Amino acid sequence: AGGDDGYWQSGNFSSTSLTLRTGSAPTNYSAWMRFTGLSALHGTTIFSATITAIAAATGSAAAAFTVRARAANNPAAPTSEVEAAGGARHATSVSWPAVPAFTAGTAYTTPDLTALIQALVTDGYLASGVVLIYIESTGSGGTREFASYENTTYAEAQLTVEYGTAAEINPALLSVTPTLYGPSLTEILQ
């Protein structure tokens with residue numbers, strides 16, 4: 001939703017930009033995305049999880065990121081650089097060591113986030129159905145820009161999670177995108 005995604009760097013914060021910038025050229029930028037409507041994940045086993053985002057700009061310089069999550073149940077969206085850069089991160093993180101070159105308008109998918117989302121479920125941080133994901137610069141390389149919710153040309157990021165219970169043979173697919181009036185939620189039992 002508007003205000004549910006943004007980026008920050010030292011001395012700069014935006015939750016209304018058309019893009020989510022992350023990388024380190026010339027200074028470190030990091031992005032955040034808040035996803036809601038995930039309460040179905042509470043107490044389940046996560047089979048796969050990724051975020052797919054549309055590139056809002058072309059970028060080809062080498063880049064590496066780390067994907068993290070806020071260690072909190074029902075985390076609020078940051079409203080300042082201090083809140084975005086602060087806030088306890090979960091100990092589990094996912095490295096994105098070789099981010100591909102971006103072409104504007106093309107969809108790109110994070111590495112598998114299953115370990116991160118499962119850790120949040122296991123530790124009770126998804127009981128509320130809300131997760132705050134960070135894509136943080138590792139301090140080297142170029143930048144990448146993803147479309148934000150406010151972008152009028154490209155769709156916002158989407159978190160896709162396959163999950164189920166130990167008793168289920170087939171996982172369910174949960175797909176969530178941040179929107180102004182709550183998530184776009186699709187559950188498909190396979």
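1. Phe 102, Tyr 108 and Phe 146 come together as one aromatic cluster. Rings of Phe, Tyr and Trp (for Trp, its six-membered ring) pair if their centres lie within 6.5 Å; planes under 30 degrees apart are called stacked, over 60 edge-to-face, and the rest tilted.

2. A word on the numbers: this is a predicted model, with local features needing pLDDT of at least 70 and side-chain atom pairs counting only at pLDDT 80 or more, while totals for chains, interfaces and linings use all residues. Residues are numbered from 1 along each chain as its sequence is written, and side-chain values use heavy atoms, leaving out hydrogens and water.

3. The ring rule gives six aromatic pairs. One of them is Tyr 7 with Tyr 29, a tilted pair at 5.8 Å centre to centre and 55° between the planes. Tyr 7 belongs to strand β1 (residues 5-9) and Tyr 29 to the loop between β3 (19-23) and β4 (30-35), so this contact ties together parts 22 residues apart in sequence. Strands here are DSSP E runs of at least two residues, numbered from the N terminus.

4. How buried are these two?

Note on methods. Helices (H or I, at least four residues) and strands (E, at least two) are DSSP runs, numbered from the N terminus.
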